[in-house]
Structure formats: C-alpha cells, structure tokens
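Dear colleague,

Please find the structure below, handed over for your files. My notes on it follow directly after.

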Amino acid sequence: MTRRLSAGRIAILVVLLLADALTGFEVYRYLGAHTAARLFQPQKPTDPGQQHHSGPIAELPGTLYLASEGAIYRLRHGDFGLVLPAGGWTQPAVTPDGRSLIVVKRQFAFSDLYLVSSGGQIQAQLTNDASKRYEFNDWAFYPRVTPDGGTLFFDWDRPKDLQATYNVTLKVWSMPLGNPNAPRRWTTPVAYTGGDVQPLPLSPTELIYTRYFRDQQGNVHSELWLTSRPDLTGLLPGHALTAPEDDCSQAALSPDGKRLAMICTHGGQTTSLEVASFDGTALGPPLTLVGTMQAAEPAWAPDGSGLVFLAPGNLAGDFQLFWVRVPVGPPSGATTPSGPARARPGPSPSPPPAPVQLTTNLDFDATSPIAWHA
C-alpha cells in the first residue's frame, strides 16, 4: 500500500529543502569533505601557522569577521582570533560603531538572529523562529545594519502559506535595532524562486537587494533592485540596477557610496566579480576584476582601495580569502533608470590587478558575507 504524505510532512520537506537551497555551496563541500578522496582536513584559522605578521594579509586595515565551519573568527593585522565557537554561527554583520555584530545561528530546522558584542558575548536574541511544529519554523538570514546604526534589515521566510501552496520564499524585512518586536516587511517575492535576498540598506528608507524572478520561458534570473519604499502588494516599486541576463547578486557598496561591487554569472556556471560606478540611482558600465575564479561574498576595504572575497584556493576546493585592488576611477557614465539597466563596456585598456590569495588550507563559509570594520 502506498503511503501518502500528509500536508504537515510535505511542509516539513519544503522548509528543509529551502535551507539546502540557500547553502548550495555548502552541500557540495560537505560531500567532498566526507569522502575517501579528501586530500586533507582544513585547518582552523586559529591553528599554528595561520598567523601572519607580514605580507598582504597583515596589511589589511581594520578588522574582518568571517565564518568557518559554524564558528565566527576575527582577522586583525594578520592574526585570527575566535569570536564565537562552532555552533551553527554564520553571516556576521558589524554595526557602524564596530562594537557589536548581528549573527545568524542555524539550528536543525530554523535559524535566528543574535546581537553579539565584538568580543563574542551574546547580548540579545532578535528573532524567535522555533515552533512546536516544524512546518511553522522560520528562517532568518543575511542581516545588515543601516549606516546610522538604527535599523536592521534581514531576510525572513515569514509569513508562510504552507496549507495552500507550500510556497516558501524569503522576503526582506527591517526592524529597529533597539526594538525587535516591531518588524516591517519590505518586499513581495516571486513565488517558487527563493525570494528576495541579501539586503543592502543605503539608509533606513532606501534599499538595494537581490531579486529572483522568472522570465517568459520560466528561467530564474537574479537582478539587483533599488527601492525606497516597502512593497506589500507586488507592485514592485523602484527599478533594476542590473539586467536580467547578467544574473547579478551579492551587492557591496564602497565606503564613499560611489561604487558597487557585485557577483554576476551571466547565465553560466562561473562567476565574475565586477565593480561599477553608482550615482545613487543607476550604475555605470562594469569593470570585471575577477573573471576566472568562483568568486563570492565581496567586501570593501574601509579606505575603498580594494575588495576581499572568497574563492576556492586549494585542490580540495575549500574557499580561501583573496584580495584584489580596485583601480582608481572605474568606468563611469550611468544609464537612466528607465533605460537599459547598464551598458556592457568594451575591452579594458589595461587588465585589472591580479587577485592575491591571502589564506591556504582553511575552509570559509562561501554563503556567509564578510564583515569589515575600520
């Protein structure tokens, strides 16, 4: 006799699949790490031999926060220190004053946001996403604090409509950092695409995020979207900064607010790290800084001189930390919001600087943004 899955069991499967989809990089690396063909086990950033008192990694200004195997590490002047021990921690975001972090804690079937001091002391739990029924658990991801330090933007899969359609998609939400009981929804995602992710707040009332949608052929694309007001009706206020065929995501704004870094796939299986000028409403032609690596999670130096990013850096495919300098004066000439999202440039008159690998034999979380504070 064939057993039919109940609505509750189906909902559980949908939620678990959502968690897997959000960590595609992690699935493949997990499988690779648990086979006999594994060349070696990665080290921890705090292991002997991972401290560097000279060279490019020691010259990085300020403090970086990175996730590795469920723990959060601090990198300062070439030295790694442990902030939060392994326990499902990922996706750190630093407050503008540098005193606190917003960090995701992943559990078996849900995740929550926590306010943590820069030294690793838990100060507050900002979401409560566990439920007595798995299908009503929630997932929170990608926290980011506004430049004034007063508002937290993040991704949440609340509210759900599991009983009707089992459509589980992430929406962008915000909340006052001092009042987690007053959340506000910002986006209405396209069904069955994964949703709207990776919020980048320019202010408490202006936001860039990655929007996933389907074209007329049913193919899913991503584009960077700029909006200045919440959308609870699906009318989609704002406009696209990138073209659908570019498939861009993971936006990072330079400290001066005039350049935007992003990861684009252009419909393929490889990525490119690109930088374009930004005038507050549109992007100029992009400059490809890295086009031959599986780059992810760019983060700007506090002085705007360059970017760190993650990419496979050893034979096992573990993600390492890289640095690339950004040439002064990237291509300009932003297009109007009503026209094409941005023009593709011609050949660059000179190749951009080559990226520099900063770590070896580590294993950073390629789905976790890097937080960098001066």
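Gln-250 is located in strand 16, where strands (E, at least two residues) and helices (H or I, at least four) are DSSP runs numbered from the N terminus. Before going further, please note that this is a predicted model, in which local features need pLDDT of at least 70 and side-chain atom pairs count only at pLDDT 80 or more, while totals for chains, interfaces and linings use all residues. Residues are numbered from 1 along each chain as its sequence is written, and side-chain values use heavy atoms, with hydrogens and water left out.

Backbone features

Although Gln-250 is not a glycine, its phi is positive, at about 55°. With 14% relative accessibility, Gln-250 counts as buried (under 20% relative accessible area, with exposed meaning over 50% and partly exposed in between; 1.4 Å probe, protein chains only). Asp-247, in the loop between strand 15 (239–240) and strand 16, is another non-glycine residue with positive phi, near 50°. Asp-247 also counts as buried, at 9% relative accessibility. Elsewhere, the peptide bond between Arg-158 and Pro-159 is cis, with omega about -5°; Pro-159 sits in the loop that links strand 9 (151–156) and strand 10 (171–176).

The second largest pocket

This pocket holds about 930 Å³ of space. A pocket here is an open set of points on a 1 Å grid over the protein atoms alone where a 1.4 Å probe fits, with protein on both sides within 12 Å along at least five of seven lines; lining residues have an atom within 4 Å of a point. Grid points are joined across faces, edges and corners, and the volume is the space filled by probe spheres set on them. Of its 35 lining residues, Val-94, Arg-144, Leu-200, Leu-253 and Trp-372 are closest to the centre. Elements giving two or more residues to the lining include strand 4 (89–94), strand 8 (140–145) and strand 16 (248–253). Strand 12 provides the largest share, 5 residues.

Strand 6 (residues 111–117) and strand 7 run antiparallel and are joined by 3 bridges. Leu-115 has Ala-124 of strand 7 as its bridge partner.

Kind regards

Notes: Two strands pair if DSSP finds at least two bridges between them.
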